[in-house]
Amino acid sequence: MAASLVLVMVVAVTVRAMLFRSSLAEFISERVEVVSPLNSWKRVVEGLALLDLGVSPYSGNVFHEAMDILTALALYIVAEDFNRVVFRKQRIAFEFKKYACDVIPLVRTPKEMYHIPLKVALFYLLNPYTVLTCVAKSTCAINNAIISVFILATVKGSAFISAIFLALAAYQSLYPVALFAPAVLYLAQKHHLTVNLHNTAFLLYLVKYAVMFTGCLIISLCLSFFLLSSWTFIPSTYGFILSVPDLTPNIGLFWYFFAEMFEHFRLFFVCVFQINVFFYTFPLAVKLRDHPMFFMFVQLAIIAIFKSYPTVGDVALYMAFLPMWNHLYRFLRNIFVVSCMLISSSVLFPILWHLWIYSGSANSNFYYAITLVFNIGQILLVSDYFYAFIRREYHLVVGLHLKSKDGKEAHIVLR
């Protein structure tokens, strides 16, 4: 397994090195699908140049920024540790007869799960979205690395390190705050605490983690203040993320909508759009309280879809988790359609951009239409996996082959 992982890393580094030395590197670094006003490397360089001149990089509208191998290694270890958790839960479920008798085909086996960590690393390192992000020198790669180390610390049960890296991720891009809930649920289960708001031990642990996270975040903000001797970075970073003043086209849902929006409706719809990232956290926490890792995957996908300035690097991070749920394939309903939507939209992004910006034979409607297809594809992907996960859990308890009262095979409708 180690040799295979090293081989994947060598191939990934080789691909990136070849692209860095090619004429495509400059072209990729300008692509709006890969970089955004928040993670463009050029803006980082300009911000550092301004800082060297004694000018605050946040004084204008340029700088808004508060490792692929590291990310892949972290995700690899996460998948390995999660495999052990799955085996332990299955063993306990069978010992206490929580599973039906005919669910052997649904049970995960060591042979099936042996290559999952390698597949997770492969899905991240050789994903075209990850490669493009690296070649474009987007700081999204740094954010992905921080989030992956946060997940690793959470899986290992280290609450303090988990809180530190969650605070760093939130400090950089704000939206990872939504990962607080799955982290607390996973850590509570790791320390054998009953997840219940009436449980005093769980509430104390929740408060403890919240204090550590808040403290680390405040320290990060204060360090920024001491560096710049000003709090102007807060409206220039978090205010920028939340108010969406830069309407540069990207793969998200915000830019076109607010370009067409009447100004007196803007605040209301900004709130409506921004709340999407956090709105689903509570119901998902209730439904998936016993499955925090799947909750983490769904929450990462929601952030990638609904954040104000998304790039393909955000999509690559949650897609790396797909091999961990390969046992759900038998219950997926729209995987072929979703795959076609994501692949075709990825190909059409640069084509429609060229027709709009350079040829003048198309307009912004064409480009936004393909971003809608891309995001609808992501929503269908996540909802399909959520459906498959819930259905598998249902079959594990009630059985795989269900019969109606008249003895015929029953059909399940989840509502």
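Mentor: Buried means under 20% relative accessible area, and exposed means over 50%. Keep in mind that this is a predicted model.

Trainee: What makes Asp384 and Arg333 a salt bridge?

Mentor: Their closest N and O atoms are 3.5 Å apart. The cut-off is a Lys or Arg side-chain nitrogen within 4 Å of a carboxyl oxygen of Asp or Glu, so the pair qualifies as a salt bridge. The pair links distant parts of the chain, with Asp384 in helix 19 and Arg333 in the loop between helix 17 and helix 18, 51 residues apart.

Trainee: Where does Arg333 fall, buried or exposed?

Mentor: Arg333 has a relative accessible area of 51%. Exposed starts over 50%, so Arg333 is exposed.

Trainee: What makes Arg108 and Glu112 a salt bridge, and how is each placed, buried or partly exposed?

Mentor: The N to O distance is 3.6 Å, and the limit is within 4 Å, so the two side chains meet in a salt bridge. Arg108, at 4%, is buried.

Trainee: Which helix gives the largest share of the lining of the largest pocket?

Mentor: Helix 4 does, with 8 residues. The pocket has a volume of about 960 Å³. Of its 30 lining residues, the closest to the centre are Val85, Lys89, Gln189, Asp290 and His291. By class, the lining has 16 nonpolar, 6 polar and 8 charged residues.

Trainee: How do you know which residues have the most contacts inside the largest nonpolar core?

Mentor: Joining buried nonpolar side chains with atoms within 4.5 Å defines the core. The largest has 129 residues, and Ile151, Tyr209, Met293 and Trp325 have the most contacts inside it. Helix 16 supplies the largest share of this core, 13 residues. Leaving out residues up to four places away in sequence, Tyr209 touches several residues, including Phe150, Leu166, Phe180 and Leu187.

How values were computed:
Residues are numbered from 1 along each chain as its sequence is written. This is a predicted model: local features need pLDDT of at least 70, side-chain atom pairs count only at pLDDT 80 or more; totals for chains, interfaces and linings use all residues. Side-chain values use heavy atoms; hydrogens and water are left out. On a 1 Å grid over the protein atoms alone, a cavity is a set of points where a 1.4 Å probe fits but cannot get out, and a pocket is an open set with protein on both sides within 12 Å along at least five of seven lines; lining residues have an atom within 4 Å of a point. Grid points are joined across faces, edges and corners, and a volume is the space filled by probe spheres set on the points. Helices (H or I, at least four residues) and strands (E, at least two) are DSSP runs, numbered from the N terminus. Ala, Val, Leu, Ile, Met, Phe, Trp, Tyr, Cys and Pro count as nonpolar, Asp, Glu, Lys and Arg as charged, and the others, Gly among them, as polar. Buried means under 20% relative accessible area, exposed over 50%, partly exposed in between (1.4 Å probe, protein chains only). Contact means heavy atoms within 4.5 Å.
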